[in-house]
Structure formats: structure tokens, C-alpha cells
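Please open the model in your viewer and keep the selection tool at hand.

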Amino acid sequence: MAQNNTERDSIQQIQLENVNVYGRDLTRRNSLYQYTPVQVRSLVTVLGEPDVMRYVGTLPGVTQGIEGTMGFFIRGGNNGNNRLELDGVPVYGATHLFGLFSSFHPDIVRDVEFRSGGLSASSGNLLSALSLITTIQPDTQKYQGSFALSPYMLSTSVEGPINKKLSFQFAGRVSLLAAEYKILHKTLHKILNENLDSDLDFKGDVKPWVTDWYFKLYYHPHERKSFTLSGYVSNDYFKYRWPKGEWITNSIRLSWGNEVIRLGWEHQVSDYCWVKTMIYGNHFYAEQKWTSQRDIDLPEDLLMKNDRIRTTIYEIAFQKKVQYAKKRWAIEAGIEGKYQYFEPAVKSVQTTIERGEMKIGDKPNAGTFALFGEAKYNYKLLQLKLGVREAVFLTDGQKFFTTDLHFSSIVNFIRGWGLELDYDCLSQHQHIMEGLPVGWSLDMIVPANRLLPPEKAHQIYLGSFYHHGFFYVSAGGYYKKMKHLASYKNASNVFGVKNSSWEDEVCEGEGESYGMEARAEKRGAYWNAALSYTLSKTDRQFDEINGGRKFPFRFDRRHVLNLTGRILIKTKEKKQQYLNLGLAYASGHYLTVPQGMYKGVLPPYWEQGLVGWVPQKMQDLAYSRELMGDVNAYQMTDYFRMDIGYSFQKQGKHHFRELTIGLYNIFNRRNPYLLFYDDNKWKQLSIMPIVPSIQWTIRF
């Protein structure tokens, strides 16, 4: 569908017989990639949903955690060391369905910029990679929108002018899983119990809920002034209730989400100078709740136990920056202030006999004040960038001063070929305790303190690149040193002992990572393909883990290879058909294997909680602790997966239709994720079998 709005983006997409043409080339280097939602649609995803963040997993230097999820471990860092911004606002839990796809509607995205080196000084509080999602400016000339349907999600978007100076966009997605489950539940119950004379009981209940919503108002009173007001909400809710026994009911509930409101103002002071101001509020939450209840004859004899663990962060921030660009120079300087309120983790236990609340750590307030500046200089074949960010982090009477430095240089020797050198000194003022680093949003966020000072990293990258027409290739190497990293001593014991604080189970250490990255990419009208390869090694060392000895990082995958491609199979008049392919290979990740069990100390209120039914496995974990072997001493077998998809497209007079079908893990390979001992034997847990998907989309 042709785009005529010149205010939307400097990247103009024009469709001529469904061949995509771009007004300017997007940047491609090993430390910097820019891409649009159009390029993402060629990827075969787990559920078939177009995902603007899924593309990151195919880039060099990126290692994925659990299969199919959005947990990315980049150049040796943790998933929590990455920073994702939506129009400059950090988003802490940006995934749906335990990390299977991101919580951003693709129609709101103009482009995504992924940086693993040579980072911007205007963004701080990270140790690994920076992903910047820029939303579109709503169309000021005409109305347009979309509607999409898949077995998992129903999505829609609409945008257009309100008057000559004001335009809007609204986009939302909601899951169909709850309704589909009810239909399937009733159907199976009828078939098995009526037609087959079965006495099976389907009294268990599952309530899944996934949704995200976005709105944006764009006010353009003057050609040099504009205002934007936007909001973003995402929510995941999952509840499972076991079949009710004679007198016992048990349920478990998981929920997490984001709430963001942003106000922005841009003023072009002159042809060379811009002033940009932003104020936002941000709320992230995650909760796990277990309920057991026993019914006797009388209502007053109802016995109930609730266990709830929740994590919350509230954030209010202000940023103002001035940009100047003329001839060979581009300069940016700004100021930023931020207030945060943390609930790292609060565990509450309630029964009809006794109730109480155990604070797992304090509920600290934190403030950040930062000054930043960046200068870029271009002269013939040379490009230089230097940035600095000075920040003070205040929390509970403590002050931490941090300095981030960024340097990048590019030398173009001949047309299309050049060298790149990047250096970054990074600081992160908060720790994300990843008990199970799988990429979903149920991790604990805590601010830096005396026990765990701000995390620091030094990283250097040297590489070469070449591009000619629509062909691009790059290769280079990096070295990264990290300190003040936070880790659980043993994540499985965090809530299984009588702790007064989460601090009893965490410690501070350092890490090291180095490797080589390479990528080759070909884009064209009839086919495009990309091949990425990473060779790397990542270690960790903590005084209180593994006897102080160095050990491999859990996702220290020595070799990672990703291949993606799209081929135009058939074209006729206004109809096209595309074949989408994907291949992923990676060395096996590492595990710490338990060797035995020993008795521990009971958690608070445990005896009162036994008024309800408690699974034997949970009782074992409460009374006992695992005796672990050497940390990450066992390596799983290699990971391999191949995906295939097919797309049917038709361009109508006033609309565009597309039907996409896909098969994730087409060979149904049981890639191992976890090894555990149960029923006196070792067992392997695999996450993703072959998964079919289908989606129908119409754009008007």
C-alpha cells in the first residue's frame, strides 16, 4: 500500500507490483542494525505473530535462552543487561506468553535500531545492547488501518487526521485463548462423556489472557513545532485451577505487564538546531500467587491459604536535549532526571488461622540525575563519534557516581569497504535477578546498594564491513569485561528457606566475554537472505559460587548460526506468493546438575499453610535443599531447528490482503533445555515441538 505521508518517516516505502523500494539504505554494521516491520514479516515465528523484536535473535553476537522466547544474551551479558526503549521510554517486561513474542503491535513501529556497540550517550542504565523502537507519526492526510486474525490473537489498528493539525493512531491486540479453551473444554467433555460413555471429569480450569494497547495523538500547530501524547499498556494473565477434590481447591496465578504514558514536545529552533523534551510515567509489575482452600460443612470453617510474591517498579522521568547539525558536525547535549520506587519482592502469606507478610528486601526509593553529550564529525572518508554520560544515583541515603564513555570511528578506504572501531564504558544502576533466565517478565528488579554496587562493563570492538548495491558483509571481534554482576547463589533456594531478605541468597561477581561475529546479507526484488555466525566464549566468577572458581556462563554457546531467507515464488498481476525459510544452530548451553538433597529450615508460616493440600514435590523443596555439583559443569547437546512458511498476498483497489502459514521446528526436533532427576531416573525437558501457525491480515 503506497505511503504518501512525508511527515511519517524519511524512509519511504512504495509498492510497485509488491516490490519494496526504500528511499534510503538502512544502516548495517556488526554493532548497529536498523530495520523496519516489513523486513520482520519474512521471519517464521512460534505463533505466527509478526514480531518486531524477533529479528534481533537472528543477528550476530546474540544468543537466545529458552527455545522460542525473547530472552537475548548479547556479547556475554545477561538478558536483564539489555535496554529496550519505546520512543525513549524504557520498557521492562516487553513480552507475551512467557516470552514467546514481544508486546508491541507491528503497525505502531516505524523502525527499530539495535546497537551492541558504539552506544548513544542519551541512553544509560544498561550493560549490553540497546534497542530503540521509534513509532510512526499518525497519517495527517488520510485514514488507514488493518485487521489481523490468528488462532492466538485478534489485532487491529487505525490512524488518520482529526483536523488539519491533529492526527491519531490506535492499535490493540487481544488473545482468543480463553474463549478457545472454553469451546475445546466443552467439546471434549461432550465427546468423551456422552459419545464414548466415559466418566472422565473435566473440572480443571485454565484462564489465559494476553493483551496490549497503544494510542498516539500528534499535534502539529506549526511547521517547526509538534506535540505528541502516547500511551502503552500490556498485560499477561494466566490462572490454572486444579480439579476440585472432595474438600480441596488449588490454583496458581501468574501475571505481569506495563503501563506507560508519555508527553513529548519538539521545536526546530532553526535549520540546524532542534530542542526535544519528554516526560513520562512507567509502571511494571509481576506477580505469582498460589491459593489452597479447604471446604468443610460450614462457611465459617473455610480454611484458606494464599502465597503471593510480587515485584513492582514505578518510574517518573524528564529528559531535555538539544541537537545541532551543520556541515560536518552533529552535536547533542541534554539533561535527565528520574524518580523510581521499587518493590523488589514482597511475599505475603494468609490463612484463616494466622496471616502475615514477609518483606523479601526493602521497598527503596531511587533518584537519578544525568548530564550527557555527544559529538559526531564527518570528514571525507572518516566518521568519528564521542559521547559521555555523567550520572549520580541516589538510593536510601547512598550516592553512586558513574561515568559512561562511548567512542566510535569508521574509516572508508574505498567505495563500500571500511573499518569500524568501537569502545564503550557502561554502567547499570539496577540489578535484574534472573532466577530462570528464559526471557519472560517474572524477574526481580532491585536498585544498586552497598551490597550490590552498580554494574560496570568495558567493551571494545574492531571489525570490517563491505557493501555494494544490495549486498552486505561484515566481520569483527570483541572483548568485554564486566564487574559487580548480581547472581543468585542457588535460585531454587530463594524462597525455600527462612530468609528475612533476598540479599541472603545473592552475591556479586564479575564476567568476561570475547568472540568473533560475522554476517552476510543479500536483498533484492526476487529473493533475500541473511547468514549470521558468532564464535564466542563467556565466563563468570563469584566468590560465593563454585568455590570462587571461574565457570562458564549458562548460555555460553560456542557456536551460533542463523540463516533466514525469502523467495518470490509466483507473481501474477496483483498477486504474489513468497516462501519464507529459517534455520538456527547453536552449541548446547550449560547446566548445574544436582547431586543430592539435605534438610533445610522451614519458611515462615509454613505449618499454617498446610491447612490446604500441598503437592509432595513442594513439601520436599520446602523441607530440603539441593546439593549441587560444579556450576554449569554439564553441557547439553547442540540445538538445531528449521522453520518454513508461505505467504499469499493480493493487492486490491483499496485494500491489501495476506494469508501466512508457517511451521516452526519443521523436523519436530526435541531440543533439550533442562535435565532433571525424577522417579529415580534422569529426564530431559524439551520446550517446543513442531508448531503450526496461520494468520490472515487485511490492510485498508
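A salt bridge is a side-chain nitrogen of Lys or Arg within 4 Å of a carboxyl oxygen of Asp or Glu. The model is predicted, so local features need pLDDT of at least 70 and side-chain atom pairs pLDDT 80 or more, while totals for chains, interfaces and linings use all residues. Residues are numbered from 1 along each chain as its sequence is written, and side-chain values use heavy atoms, without hydrogens and water.

First, select Arg389 and Glu336, whose side chains form a salt bridge at 2.9 Å, N to O. This pair joins distant parts of the chain, 53 residues apart: Arg389 belongs to strand β24 (residues 382-395) and Glu336 to strand β21 (residues 329-351). Strands are DSSP runs (E, at least two residues), numbered from the N terminus. Arg389 is buried, with a relative accessible area of 6%, and Glu336 is buried at 10%. Buried means under 20% relative accessible area, exposed over 50%, and partly exposed in between (1.4 Å probe, protein chains only).

Next, select Glu113 and Arg115, which form a salt bridge with their closest N and O atoms 2.7 Å apart. Glu113 is buried at 15%, and Arg115 is buried at 10%. In total, the structure holds 21 salt bridges.

Then move to Val473 in strand β30 (residues 471-488). Val473 is partly exposed, at 28% relative accessibility. Beyond its neighbours within four places in sequence, Val473 is in contact (heavy atoms within 4.5 Å) with residues including Tyr466 and Arg519. Now select Arg519 and Glu521, whose side chains meet in a salt bridge of 3.4 Å, N to O; both residues are buried.

Technical notes:
Helices (H or I, at least four residues) and strands (E, at least two) are DSSP runs, numbered from the N terminus.
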